Amino acid sequence: MPTSDLASDHERVGVYPGTFDPITLGHADIIRRGSKLVDKLIIGVTTNPSKNPLFTPEERMAMVEREVAAMGIDNVTVVGFNALLMKFAQVQGASVIVRGLRAVADFEYEYQMAGMNQQLNSAIETVFLMADVSLQPIASKLVKEIAMFGGDIAKFVSPAVREDVVARIAQNGLMGDY
């Protein structure tokens, strides 16, 4: 399958897809490490209504862009998409999909996804990065749940993302009785 004109023949482009609702320290770790494996890393911010997003796609993209800028990584760009991942990757000229793994449950799901993606486009490889041990328990879903019940999420997200989440929760209202 042909790649787009977005990447030169000599440039290795990777795509790190996700909802990033919100972007966590675990995501930042994978971005930092994944950016070292490719010449250009595209963070693909996608939609997944089944995950009950706290932020709009535009808000999530802005959040990811701000976090990447704070990391000072210059070979990373943020692109929104709402399409089949392999089509998006092909349009971006990617030869690599970067995925982070936290636990065995992640591996089972990601292994199946990688196999399906290979069937769709065998020219694009999936590369798995294990999350840093200290970041393995972090999941956006759990971060949102903790915040919705008034818990402190400072250990899981950057200070700026914490402010974004706290402000959104204040707008939506806390859950629970106490």
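Trainee: What is the mean pLDDT of the chain?
Mentor: This is a predicted model, and the mean pLDDT of the chain is 90. Of its residues, 93% reach 70 or more.

Trainee: And where is the pLDDT below 50?
Mentor: Over residues 1-5. That stretch still has ten contacts in the model beyond near neighbours in sequence. Where pLDDT is low, though, the predicted coordinates should not be read in detail.

Trainee: OK, on to helices. At what angle do the axes of helix 2 and helix 6 cross?
Mentor: Roughly 155 degrees, and the axes come within 10 Å. Helix 2 covers residues 57-71 and helix 6 covers residues 159-172.

Trainee: Roughly parallel or roughly antiparallel, then?
Mentor: Angles over 145 degrees count as roughly antiparallel, so helix 2 and helix 6 are roughly antiparallel to each other.

Trainee: Which residues meet there?
Mentor: From helix 2, Glu-59, Met-63, Arg-66 and Glu-67; from helix 6, Ala-160, Val-161, Asp-164 and Arg-168. That contact divides into three nonpolar, no polar and five charged residues.

Trainee: Switching topic: how many cavities of 30 Å³ or more are there?
Mentor: The count comes to one. The largest cavity has a volume of about 30 Å³.

Trainee: Which residues line the largest cavity?
Mentor: Thr-19, Asp-21, Asn-48, Lys-51, Pro-53 and Arg-60.

Trainee: How does that lining divide by type?
Mentor: The lining of the largest cavity has one nonpolar, two polar and three charged residues.

Terms used:
Residues are numbered from 1 along each chain as its sequence is written. This is a predicted model: local features need pLDDT of at least 70, side-chain atom pairs count only at pLDDT 80 or more; totals for chains, interfaces and linings use all residues. Side-chain values use heavy atoms; hydrogens and water are left out. pLDDT is the predictor's confidence in each residue, from 0 to 100. Contact means heavy atoms within 4.5 Å. On a 1 Å grid over the protein atoms alone, a cavity is a set of points where a 1.4 Å probe fits but cannot get out, and a pocket is an open set with protein on both sides within 12 Å along at least five of seven lines; lining residues have an atom within 4 Å of a point. Grid points are joined across faces, edges and corners, and a volume is the space filled by probe spheres set on the points. Ala, Val, Leu, Ile, Met, Phe, Trp, Tyr, Cys and Pro count as nonpolar, Asp, Glu, Lys and Arg as charged, and the others, Gly among them, as polar. Axes are lines fitted to C-alpha atoms, for helices over the stretch in contact, and angles run from 0 to 180 degrees between N-to-C directions. Helices (H or I, at least four residues) and strands (E, at least two) are DSSP runs, numbered from the N terminus. Angles under 35 degrees count as roughly parallel, over 145 as roughly antiparallel, 65 to 115 as roughly perpendicular and the rest as oblique.
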